[in-house]
Amino acid sequence: MLTLYGSAGSGSAAVEMALERCALPYRVLRASSWEADSAQAALRQANPLGQIPTLQLEDGSVLTESAAILIHLGLTHPGSNLLPAAPAARAQALRGLVYIAANCYAAIGVIDFPQRWCVQGEEAQLDGIRQGARRRLHECWTVFADQFGAQLFQPGEGPVALDFLAVVVSRWSGARAHLAEHRPELAATLDRIQSHPTVAPVWARHWPT
């Protein structure tokens with residue numbers, strides 16, 4: 001069975017959605033760097049950075065990085081349609097997944113842990129880093145809406161890998177409020193993904209309110 005290291009309200013939700021879409025049996029081992037009573041030691045052994053999601057495969061090998069995990073599941077389970085079958089569409093889906101990971105997810109890491117990028121910084125300096133990273137994050141979501149918005153949640157199809165990562169990562173740092181004001185069409189699409197029957201149960205486990 002697959003083992004997913006994750007925690008409620010974290011990026012592991014996107015991988016859970018994908019595993020459900022693939023109909024794969026898995027167990028979630030609660031682990032995160034911010035939960036002292038979680039399986040931190042096991043997580044660090046699997047992923048020295050202590051980041052989640054981390055997925056241990058049936059053969060014991062480990063996958064890290066949300067986009068890489070989603071791409072792997074899409075390629076190894078083509079019947080799930082996590083990734084488009086057509087090469088051109090698949091290329092754009094891969095681009096979108098890496099875009100979120102490299103730009104949006106990365107900015108959230110700076111917002112949450114600015115001290116990692118400012119040695120012995122005063123609180124005012126750290127707050128400046130947070131504000132700049134949040135502004136950059138919102139800019140990246142605006143670009144995502146313009147470049148990738150039309151790819152999300154295609155009519156007649158259930159949510160797929162790019163939908164899963166977008167709906168989860170946009171949950172944080174005011175991105176949804178920004179999109180509701182500046183790109184309302186994408187905000188509405190994300191709301192529809194969130195309430196889709198294949199997504200809603202996972203969403204409720206992570207964000208029950």
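How many helices and strands are there in the protein chain? There are nine helices and four strands, with helices (H or I, at least four residues) and strands (E, at least two) taken as DSSP runs numbered from the N terminus.

This is a predicted model, where local features need pLDDT of at least 70, side-chain atom pairs count only at pLDDT 80 or more, and totals for chains, interfaces and linings use all residues. Residues are numbered from 1 along each chain as its sequence is written, and side-chain values use heavy atoms, leaving out hydrogens and water.

**View 1. The fold of the protein chain.** Along the sequence, the pattern reads β-α-β-α-β-β-α-α-α-α-α-α-α. The C-alpha atoms fill a box of roughly 50 × 40 × 35 Å along the principal axes.

**View 2. Burial and contacts in the protein chain.** Buried residues (under 20% relative accessible area, 1.4 Å probe, protein chains only) make up 47% of the 209 residues. Of the contacts (heavy atoms within 4.5 Å) with a separation of 6 or more, 64% join residues 24 or more positions apart.

**View 3. F164 and its surroundings.** Here you can find F164 in helix α6, which spans residues 161-169. F164 counts as buried because its relative accessibility is 1%. Leaving aside residues up to four places away in sequence, F164 touches A14, M17, A18, R21, L82, P159 and V199.

Terms used:
Buried means under 20% relative accessible area, exposed over 50%, partly exposed in between (1.4 Å probe, protein chains only).
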